[in-house]
Amino acid sequence: MNFVVVSSIGAVFMGIFALFVRMKAAKKPTNARKIILPPVFMSSGALMYVVPQFRLTGMEILEVVILGMLFSILLIKTSKFEIRENEIFLKRSKAFIYILVGLLVVRIGLKTILSATIDYGELSGMFFLLAFSMIVPWRIAMYLDYKKLYRQLHGQQ
């Protein structure tokens with residue numbers, strides 16, 4: 001079976017998993033560690049760039065990072081916190097589900113189109129960097145929002 005098809009199927013399952021994790025997370029209070037750790041754990045994936053097959057050119061890095069940061073705006077806009085029961089919770093957002101599915105569809109579409117002209121290893125490196133470039137700004141924005149509410153909740157300036 002084609003690598004693009006297999007990786008796209010994997011992306012669909014990861015997207016479904018992310019939806020369930022997000023719905024479960026909204027039921028429990030959050031903390032700074034829960035916000036910061038996912039991109040830290042994900043960063044270990046950058047070890048793929050040790051293998052020459054996955055390395056990107058400077059222009060590819062620039063394009064992918066810009067696209068990832070643009071996509072992160074959608075995630076930032078749909079991730080808000082609220083204070084309930086003297087704790088900080090992530091607000092549920094119906095738009096988040098649609099945005100996550102939309103980003104997944106765009107990702108699969110781009111992967112299908114680009115796989116005709118870009119080597120699989122290089123394409124894998126691009127999509128890892130795209131995801132990382134989307135998650136890092138999103139999590140930084142979430143952390144800043146969380147800290148603001150944390151200071152408000154604990155009466156700090």
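Tutor: The protein chain has five helices and two strands, where helices (H or I, at least four residues) and strands (E, at least two) are DSSP runs numbered from the N terminus. This is a predicted model, in which local features need pLDDT of at least 70, side-chain atom pairs count only at pLDDT 80 or more, and totals for chains, interfaces and linings use all residues. Residues are numbered from 1 along each chain as its sequence is written, and side-chain values use heavy atoms, with hydrogens and water left out.

Student: What makes strand 1 and strand 2 a pair?

Tutor: Two strands pair if DSSP finds at least two bridges between them. Strand 1 (residues 81-84) and strand 2 (residues 87-90) are joined by four bridges, so they pair, and they run antiparallel. Ile-83, for instance, has Ile-88 in strand 2 as its bridge partner. The two strands form a hairpin with two residues between them, and Glu-85 in the turn has a positive phi of about 50 degrees.

Student: Why is Lys-148 called exposed?

Tutor: Buried means under 20% relative accessible area, exposed over 50%, and partly exposed in between (1.4 Å probe, protein chains only). Lys-148 has a relative accessible area of 58%, therefore it counts as exposed. Lys-148 lies in helix 5 (residues 120-153).

Student: What makes a group of residues a nonpolar surface patch?

Tutor: Patches are made of residues with over 30% relative accessible area and no salt bridge; nonpolar side chains (Val, Leu, Ile, Met, Phe, Trp, Tyr) are joined within 5 Å, and like charges within 9 Å. A salt bridge is a side-chain nitrogen of Lys or Arg within 4 Å of a carboxyl oxygen of Asp or Glu. The patch covers about 850 Å², and its members include Ile-9, Phe-13 and Val-101. Helix 1 (3-25) gives the largest share, seven residues.

Student: Which residues gather in the patch of positive charge?

Tutor: Lys-77, Lys-80, Lys-91, Lys-148 and Arg-151.

Key. Areas by Shrake-Rupley, 256 points an atom, 1.4 Å probe, with all protein chains shown as cover. Lys, Arg positive; Asp, Glu negative; His and termini not counted. Charge placed at Lys NZ, Arg CZ, Asp CG, Glu CD.
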